Amino acid sequence: LGQGSSAGLFAADVTVVSSLSVLVAQQSVTSMTTFYELVGGSLSELGKPVKKGFQMVEVGGKKQLMQMKFASAGNNTLLQYGPLGFWQYLDCYPYPVYGDVFGTDSPIHCSVRSAGSPNPPMCSEKTSEEACTAHPSCGWCSMNLKCFTGYRGGVCSKSAPTCPSSAWKIVEGTFEPSGFVNGLKQLKQVQDENKAHDCSHSSNCRGCVSDLECGWHVASRKCVAGGPSGPADSSRYPVWSKTADWNYSYCGGIDACEHLKDCSDCTSASYCGWCSGSNRCVTSTATGPLFEACDAGFFFDR
């Protein structure tokens with residue numbers, strides 16, 4: 001593997017994500033994942049190790065410790081598996097993704113393409129939305145009022161009917177049938193929300209973004225805690241495109257500066273300024289317009 005030593009390699013299983021030139025070292029005993037790159041014959045540690053904690057599964061009515069390992073499954077894919085038959089197939093990227101297995105501080109970011117376990121969820125036997133979505137591998141289709149095995153992208157079957165994304169509901173957990181880890185994640189989410197800055201003071205984007213600890217989540221039409229990189233709770237308020245899905249310190253759509261037609265209305269928005277020469281409202285800071293020149297007088301009320 002190269003010269004030198006690292007605590008992250010002690011008793012670790014090592015695999016490689018070849019397209020990203022990243023080595024993944026997993027210490028099953030401590031549940032610690034460390035990332036490396038090979039430079040000039042020596043290993044260099046990338047970022048901080050990720051400790052996911054021990055994961056529990058329910059087998060035969062009893063919870064058991066599951067130690068996970070990784071194996072390369074192609075250029076930018078990993079197979080995460082455990083001794084009890086649980087597995088996840090991961091797609092990995094050099095940029096953050098929704099549902100990141102390793103977290104935002106990791107040098108690589110992986111999302112679950114598919115998952116399985118030795119105990120099939122029998123989704124088709126569940127007759128209500130509540131019973132269906134209680135299992136992390138089942139999703140409810142409100143169009144035909146049926147429960148299917150699936151993932152966030154939809155029904156996981158070539159023979160089953162498809163379900164429009166607007167009618168598909170799934171509450172994804174991890175790969176264990178008991179939903180134990182997902183329960184812990186939900187508890188942490190509630191705790192994080194309790195600590196988060198309160199952004200419920202605004203019901204529109206314009207008022208929301210004047211608070212620098214808040215941003216406007218376009219899909220949910222809510223003012224939520226966050227910053228330039230996105231919402232603080234990215235699992236509840238996912239952002240696929242920062243320009244389309246997340247407004248921070250400025251607004252698009254009906255609250256965009258270009259739609260404000262007089263100086264008073266324009267300068268009341270924290271992100272707009274008025275160009276008197278062209279009688280136009282433009283996206284601005286106190287120092288001037290951001291994307292264009294203002295030939296005559298410029299007014300910014302902050």
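Trainee: Is Cys263 buried or exposed, or partly exposed?

Mentor: Cys263 counts as partly exposed, with 31% relative accessibility, where buried means under 20% relative accessible area, exposed means over 50%, and partly exposed lies in between, computed with a 1.4 Å probe on protein chains only. This is a predicted model, in which local features need pLDDT of at least 70 and side-chain atom pairs count only at pLDDT 80 or more, while totals for chains, interfaces and linings use all residues. Residues are numbered from 1 along each chain as its sequence is written, and side-chain values use heavy atoms, with hydrogens and water left out.

Trainee: Which cysteine sulfur is closest to that of Cys263, and how far away is it?

Mentor: The closest cysteine sulfur belongs to Cys266, and at 6.6 Å from the sulfur of Cys263 it is too far for a bond, since a disulfide is taken here as a pair of cysteine sulfur atoms within 2.5 Å.

Trainee: What does Cys266 bond to, then?

Mentor: Cys266 forms a disulfide with Cys281, the two sulfur atoms being 2.1 Å apart. The torsion about their S-S bond is about 85°, so this disulfide is right-handed. The pair links distant parts of the chain, with Cys266 in helix H5 (residues 263–267) and Cys281 in strand S20 (residues 280–285), 15 residues apart. Helices (H or I, at least four residues) and strands (E, at least two) are DSSP runs, numbered from the N terminus. Cys266 and Cys281 are both buried.

Trainee: How many disulfides are there by this rule?

Mentor: The count comes to nine disulfides. Among them is the link of Cys199 to Cys214, with an S to S distance of 2.0 Å, which is left-handed, with -90° about the S-S bond.

Trainee: And where do Cys141 and Cys163 lie?

Mentor: Cys141 lies in strand S11 and Cys163 in the loop between S13 and S14, so the pair ties together parts that are 22 residues apart in sequence. Their sulfur atoms are 2.1 Å apart in a disulfide, and Cys141 is buried with a relative accessible area of 0%, while Cys163 is buried with 13%.

Trainee: Switching to the sheet, what is the strand order?

Mentor: The order is S13-S12-S11-S14 in an open sheet of four strands with antiparallel pairing, where two strands pair if DSSP finds at least two bridges between them. Strands S13 (154–155) and S14 (168–170) stand at the edges with a single partner strand each, so one side of each is left without a neighbour in the sheet.

Trainee: Which residue stands opposite Cys141 in S14?

Mentor: Trp168 of S14 stands opposite Cys141, and strand S11 (residues 138–141) pairs with S14 in the antiparallel sense over three bridges.
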